[in-house]
Amino acid sequence: MGRPPKFSREQLKQAALAIVDEHGLAALSMRSLAAAVGTGAMTLYNHVADRAELDALVVDGVMSEARWKRARYDDWRDEVRAVSTAIWRAIRSHPRAIPLILTRRSRSPALAELSEALLRGLARSGRSKADLLIAFRAVSGFLAGLAQAELAGPLSVGAGEQPLEVIERFMALPADRFPHLIEIANAATRSSAEREFKAGLELLIAGLSAPPPKRRR
């Protein structure tokens with residue numbers, strides 16, 4: 001009979017996520033995680049097989065924070081809203097983990113559960129197979145993309161900058177060449193991430209409420 005694991009998966013994923021939150025992805029390694037839980041790197045290999053599994057711990061840590069009402073919704077739109085909001089808030093709470101969420105998501109049990117919940121709501125819109133896949137990609141891409149855009153989009157704030165500095169830079173562009181960039185920069189002074197998320201999600205849901213387009217054979 002083997003010895004019980006020294007660390008639970010929950011302890012390891014929380015420790016790995018804390019490293020990424022505080023120091024960034026470059027700081028995450030077997031050695032840094034081992035130090036965080038008070039053991040040696042070689043001992044940790046008994047619990048985490050390789051780098052891919054280490055990265056998956058972080059993704060699982062993020063997605064395990066998603067909370068929504070797990071019940072039968074009368075309207076599929078409410079189910080999609082609830083699960084989408086839970087995913088977006090979890091991702092947005094850990095911006096430094098976004099690159100791993102985009103590249104290691106298939107290894108996360110928590111994300112698999114969230115994806116199935118989102119698909120369950122989307123399937124109730126009458127979609128299946130390729131139409132369900134397209135709907136899923138549209139919503140999940142919006143969630144990850146919006147969180148990422150806060151960090152890397154045209155109006156994102158860089159290191160050492162203030163939001164107003166970024167907005168003023170865009171508003172100072174030549175109006176004859178960049179009228180729409182100036183327009184959204186001005187709108188950004190009165191906007192918020194929460195408002196943009198909810199409005200963008202409603203745009204998607206409105207589109208999904210229409211029947212899927214017929215494909216040519």
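**Basis of the model**

Residues are numbered from 1 along each chain as its sequence is written, and side-chain values use heavy atoms, with hydrogens and water left out. Because the model is predicted, local features need pLDDT of at least 70 and side-chain atom pairs count only at pLDDT 80 or more, while totals for chains, interfaces and linings use all residues.

The predictor's confidence in each residue is given by pLDDT, on a scale from 0 to 100. The protein has a mean pLDDT of 87, and 90% of its residues reach 70 or more. Among its elements, helix 5 has the highest mean pLDDT (95), and helix 9 (residues 163–171) has the lowest (79). Where pLDDT is low, the predicted coordinates should not be read in detail.

**Overall architecture**

The protein contains 11 helices and 0 strands. These elements are DSSP runs numbered from the N terminus, with helices (H or I) of at least four residues and strands (E) of at least two. Along the principal axes, the C-alpha atoms fill a box of roughly 70 × 45 × 35 Å. Of the 217 residues in the protein, 37% are buried; buried means under 20% relative accessible area, exposed over 50%, and partly exposed in between, with a 1.4 Å probe and protein chains only. A contact means heavy atoms within 4.5 Å. Among the contacts with a separation of 6 or more, 68% join residues 24 or more positions apart.

**Helix packing**

Two packed helices are described by the angle between their axes and the distance between the axes. Axes are lines fitted to C-alpha atoms, for helices over the stretch in contact, and angles run from 0 to 180 degrees between N-to-C directions.

| Helix pair | Angle | Axis distance |
|---|---|---|
| Helix 5 (residues 76–92) and helix 7 (residues 109–123) | about 155° | 8 Å |
| Helix 1 (residues 9–23) and helix 4 | about 90° | 8 Å |

The angle of about 155° between helix 5 and helix 7 makes helix 5 roughly antiparallel to helix 7. Angles under 35 degrees count as roughly parallel, over 145 as roughly antiparallel, 65 to 115 as roughly perpendicular and the rest as oblique. Helix 5 contributes W76, E79, V80, V83, S84 and I87 to the contact, and helix 7 contributes L114, A117, L118, R120, G121 and L122. By class, this contact of helix 5 with helix 7 has 8 nonpolar, 2 polar and 2 charged residues. Ala, Val, Leu, Ile, Met, Phe, Trp, Tyr, Cys and Pro count as nonpolar, Asp, Glu, Lys and Arg as charged, and the others, Gly among them, as polar.

For the second pair, the angle of about 90° makes helix 1 roughly perpendicular to helix 4. The residues in contact include L12, A16, L17 and V20 of helix 1 and A56, L57, V58 and V62 of helix 4. The contact of helix 1 with helix 4 has 8 nonpolar, 2 polar and 4 charged residues.

**Individual residues**

D55 lies in helix 4 (residues 51–63). At 5% relative accessibility, D55 counts as buried. Leaving out residues up to four places away in sequence, D55 touches L28, L100 and R104.

Helix 8 (residues 129–152) holds Q148, and K129 is also placed in helix 8. Q148 counts as partly exposed, at 34% relative accessibility. The C-alpha atoms of Q148 and L102 are separated by 9.9 Å, and the two residues are 46 residues apart along the chain. K129 counts as exposed, at 75% relative accessibility. K129 has a positive phi of about 50°, although it is not a glycine.
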